[in-house]
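Trainee: I've got a model open and I'd like to learn how to read its helix packing. Can you walk me through it?

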Amino acid sequence: MYQESTENYLETIYILLQRMGTVRSIDVCNEMGYSKPTISVTMKQFREKGYVKIDSGGHITLTPSGLSIAQRIYERHVVLSELLMLLGVGRETALADACKIEHDISEETFDCIKRHMARCRECRGMSGE
């Protein structure tokens, strides 16, 4: 659907917006470890594709299109991380592996995992855990 790098950038912007309220290119540089020129080129491409808007102060916001992609990937990351940790995978490994899986898993498989995890949460809630 979308390139993995596009999804990673948009997810990072989304997470930074949640954490900080406002995001500039330097924040994305610091979070992702990429150079300023790389981020600048990418943000220009994202503006052209309609994923982000950048105001005169350099603040980045996600357009509805960019937000949709970012939220989809972020949800996958959260659910897959939770599943892997439930299976006994350590937190750091689960987070890293979820980041790899979230881009390639089919919609059908993810929907099944999401439903399963919702049932697991309900069962744990009912048992008092």
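Trainee: At what angle do H1 and H4 pack, and how far apart are their axes?

Mentor: Some ground rules before that. This is a predicted model, where local features need pLDDT of at least 70 and side-chain atom pairs count only at pLDDT 80 or more, while totals for chains, interfaces and linings use all residues. Residues are numbered from 1 along each chain as its sequence is written, and side-chain values use heavy atoms, with hydrogens and water left out.

Mentor: Now the general idea: two packed helices are described by the angle between their axes and the distance between the axes. Axes are lines fitted to C-alpha atoms, for helices over the stretch in contact, and angles run from 0 to 180 degrees between N-to-C directions. Helices are DSSP runs (H or I, at least four residues) numbered from the N terminus. Here H1 and H4 pack at about 85°, with axes 8 Å apart. That makes H1 roughly perpendicular to H4; the label covers 65 to 115 degrees, with under 35 roughly parallel, over 145 roughly antiparallel and the rest oblique.

Trainee: Which residues of H1 make that contact?

Mentor: Contact means heavy atoms within 4.5 Å. From H1 you have Glu7, Leu10, Glu11, Tyr14 and Ile15, and they meet H4 residues including Leu67, Ile73 and His77.

Trainee: How does H1 sit against H3, and which residues meet there?

Mentor: The axes of H1 (residues 4–20) and H3 come within 12 Å and cross at roughly 95°. So H1 is roughly perpendicular to H3. On the H1 side look at Thr6, Tyr9, Leu10 and Ile13; their partners in H3 are Thr38, Ile39, Thr42, Met43 and Phe46.

Trainee: Is Thr6 buried or exposed?

Mentor: Buried means under 20% relative accessible area, exposed over 50%, partly exposed in between (1.4 Å probe, protein chains only). Thr6 has 7% relative accessibility, so it counts as buried. Leaving aside residues up to four places away in sequence, Thr6 touches Phe46 and Tyr51.

Trainee: And what about H2 and H3: at what angle do they cross?

Mentor: The axes of H2 (residues 25–32) and H3 (residues 36–49) cross at roughly 120° and come within 9 Å. H2 and H3 are therefore oblique to each other. Ser25, Ile26, Val28 and Cys29 of H2 meet Lys36, Ile39 and Met43 of H3.

Trainee: What follows H4?

Mentor: Gly88, with a positive phi near 105°.

Key
Helix = DSSP H or I, 4+ residues; strand = E, 2+ residues; numbered from the N terminus.
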